[in-house]
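Look at the fold below before reading on.

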Amino acid sequence: MNTEYAHAGQGTSGRTRRLHHRATRFRVPDAPCLEIGLVNNMPDAALDATVRQFRALLAGAAADVDVRLTLFTLPEVPRSDAGRQLLDGYTPLEELWRSRLDGLIVTGAEPRAEDLRDEPFWNSLTRVLDWAETNTCSTILSCLAAHAGILYLDGIARRRLDDKRFGVFECVRVADHPLTAAAPASLAVPHSRWNEVPEQALLACGYRILTRSDAAGVDAFIKQRRSLFVFFQGHPEYDAITLLLEYRRDVGRYLRAERETYPTMPEGYFDEATVSALTTLRERALTDRREALLLEFPTAAAAGTVKNRWRSSAESLYRNWLQYITVERARRSDYVR
């Protein structure tokens with residue numbers, strides 16, 4: 001994931017952050033309680049927003065399931081002093097090995113090495129994967145974590161794209177599975193990535209594709225091991241404005257000469273008026289490159305027009321995931337007895 005979030009209006013006081021990072025429970029009277037872990041490896045600017053997004057998605061999906069969410073992070077992910085303060089209330093990763101979790105979600109991280117095996121957090125991440133296989137009913141791996149997962153489990157290397165796969169893409173359900181129960185035949189999913197995984201390599205190694213797009217490639221796929229591993233190249237957890245803020249960040253990087261090329265606008269996301277305004281800004285930036293132009297980025301106007309077209313299908317998918325874990329936990333309990 002390469003995402004920057006605005007924190008204004010999301011509670012930025014130290015006290016609010018500490019409350020934000022405590023284990024969260026979505027209570028349903030007399031419901032079974034599922035223990036879910038979130039290993040949040042996002043860069044500092046996205047830490048709080050990532051937790052908020054997953055909390056909201058799980059709360060919307062919980063239905064008749066009681067969910068308790070506990071936060072972890074890989075300790076080798078580079079952090080500033082301010083970023084380390086945001087981790088107040090996270091549970092140390094060492095405590096994960098002694099935890100009893102039903103499910104786990106592992107986010108992506110900002111890549112720093114061409115080969116994922118050279119990332120400073122590689123050893124911790126692979127240990128998380130080993131632990132998850134024997135200690136969870138199911139684990140979700142998102143974006144870079146999905147790419148790292150298939151590399152570690154089956155030696156499948158991701159491929160660099162010529163341009164960023166960026167926007168909201170229509171994906172088709174191509175397999176029936178409890179995770180896609182009641183899902184529409186076609187669903188919108190945000191994607192934001194510079195790499196992809198080869199579909200044929202996944203199939204050859206026994207992965208099952210759940211959703212895919214002609215334009216974006218593989219979206220969601222699974223592999224049943226001792227735990228059900230679920231892989232997302234897309235980001236069903238995203239807010240409506242996440243792609244907007246990420247695009248604005250990338251435009252700012254271009255204007256500050258931190259990248260060589262002007263970023264590609266997200267596909268299938270903005271309305272015509274916003275596309276026109278952003279195209280005009282791009283034309284100016286290409287001939288008059290200076291950071292002050294970022295003040296003309298129509299953030300507020302664009303935020304008022306973008307819509308979260310994927311929320312209902314995202315909640316349905318996560319609701320199915322929680323129900324799968326509930327059934328699988330009961331099955332394992334019966335087996336032990």
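Asp214 is exposed, with a relative accessible area of 79%; exposed means over 50%, buried under 20%, and partly exposed in between, using a 1.4 Å probe and protein chains only. This is a predicted model, in which local features need pLDDT of at least 70, side-chain atom pairs count only at pLDDT 80 or more, and totals for chains, interfaces and linings use all residues. Residues are numbered from 1 along each chain as its sequence is written, and side-chain values use heavy atoms, leaving out hydrogens and water.

The side chain of Asp214 meets that of Arg212 in a salt bridge (3.2 Å, N to O). The term stands for a side-chain nitrogen of Lys or Arg within 4 Å of a carboxyl oxygen of Asp or Glu. Arg212 is partly exposed, at 23%.

Arg212 also has a place in the strands: in E8, Arg212 is the bridge partner of Val172. Helices (H or I, at least four residues) and strands (E, at least two) are DSSP runs, numbered from the N terminus. Strands E6 (residues 159–173) and E8 (residues 208–213) pair in the antiparallel sense over 2 bridges; pairing requires that DSSP finds at least two bridges. E6 also pairs with E7 (residues 186–196), again antiparallel, over 10 bridges.

Another salt bridge joins Glu133 and Arg225 (3.2 Å, N to O). Glu133 lies in helix H4 (residues 122–135) and Arg225 in the loop between strands E9 (217–224) and E10 (228–232), so the pair ties together parts 92 residues apart in sequence. Glu133 is buried, at 14%, whereas Arg225 is partly exposed, at 28%.
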